[in-house]
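Open the structure in your viewer and keep the sequence panel beside it. The tour goes from one selection to the next and says what is found at each stop.

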Amino acid sequence: MATTAPNTRTTFWPYAIIAVFVLFAGYIGFMVQQAMRTTVDLVSPDYYKQELAYTQRMESVARTAALPAPVELTHDAAAQHLTLQLPPALTGQAVQGQIHFFRPSDQKLDFSLPLQSAAQVFSTRKMAPGYWRVRLDFSAGSQVYFIEKELTIR
């Protein structure tokens, strides 16, 4: 009669599996807590006002694109001047507005000039060479127009 001795050897695998589950649950609990504490502000407080301004801007861009002739902005590097010519359809109307010169690489160089007539010449002698964005925001009659052009001064 042969008797077998009971296996008294212990294994660590059940404890390791339980430890992995506990650590994983702790990690998930920590991540949920961090996600609940994080504030996510996707909407600005004056969202409606900004949306209306954006809608009006898009309407003025579409109105400008619908003009029978484009707004001409010509840079003469030799003479160092910039010529702005509004379409002939707007001549004879009272034109008011601003022309904004934006330098994306240096905010200190940004400046604005008033738009005084349908044809206007600006000197570029004091403008730094490089890339500029020219935004023309004007009204003629009772309509508002907007156009943005790119300009490189060498």
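Helices (H or I, at least four residues) and strands (E, at least two) are runs assigned by DSSP and numbered from the N terminus. Residues are numbered from 1 along each chain as its sequence is written. This is a predicted model, in which local features need pLDDT of at least 70, side-chain atom pairs count only at pLDDT 80 or more, and totals for chains, interfaces and linings use all residues, while side-chain values use heavy atoms, with hydrogens and water left out.

**Stop 1: the helix**

Select residues 12-32. The span is 95% helix and 0% strand, and its end C-alpha atoms lie 30 Å apart. An unreviewed UniProt entry annotates residues 12-32 as "transmembrane region"; such annotations may be inferred rather than shown by experiment, and UniProt positions are given here in the numbering of this model, with feature names shortened.

Now colour by pLDDT, the predictor's confidence in each residue, from 0 to 100. The protein chain has a mean of 89, and 94% of its residues reach 70 or more.

**Stop 2: an open sheet**

Select 72-76, 81-85 and 119-123, which are β1, β2 and β5. Two strands pair if DSSP finds at least two bridges between them. In general, strands of a sheet pair through backbone hydrogen bonds, either parallel or antiparallel. Which order do the 3 strands of this open sheet take? The order is β1-β2-β5, with antiparallel pairing. β1 and β5 each have a single partner strand, so one side of each is left without a neighbour in the sheet. β1 and β2 are joined by 5 bridges, and Asp76 stands opposite His81 in β2.

**Stop 3: two loops**

Go to Gln80, in the loop between β1 and β2. Its phi is near 55°, a positive value in a residue other than glycine. Is Gln80 buried, partly exposed or exposed? Buried means under 20% relative accessible area, exposed over 50%, and partly exposed in between (1.4 Å probe, protein chains only). Gln80 has 35%, so Gln80 is partly exposed.

Next select Thr124, in the loop between β5 and β6 (130-140). Thr124 is buried, with a relative accessible area of 4%. Leaving aside neighbours within four places in sequence, Thr124 is in contact (heavy atoms within 4.5 Å) with His75, Gln80, His81, Leu82 and Ile153.

**Stop 4: strand β3 and its partners**

Select β3 (residues 95-102). β3 pairs with β6 in the antiparallel sense over 8 bridges, and Phe101 stands opposite Val134 there. β3 also pairs with β4 (residues 111-115), again antiparallel, over 5 bridges; here Ile99 stands opposite Leu113.

**Stop 5: aromatic rings**

Show the side chains of Phe, Tyr and Trp. Their rings (for Trp, the six-membered ring) pair if the centres lie within 6.5 Å; planes under 30 degrees apart count as stacked, over 60 as edge-to-face and the rest as tilted. The structure holds 5 aromatic pairs. In one of them, Phe111 and Trp132 have ring centres 6.0 Å apart and planes at 70°, so the pair is edge-to-face. Phe111 lies in β4 and Trp132 in β6, so the pair ties together parts that are 21 residues apart in sequence. Phe111 is partly exposed at 28%, whereas Trp132 is buried at 1%.

For a stacked pair, select Phe138 and Tyr145, with centres 5.1 Å apart and planes at 20°. Phe138 and Tyr145 are both buried. Finish with Phe101, Phe111, Phe122 and Trp132, which form one aromatic cluster.
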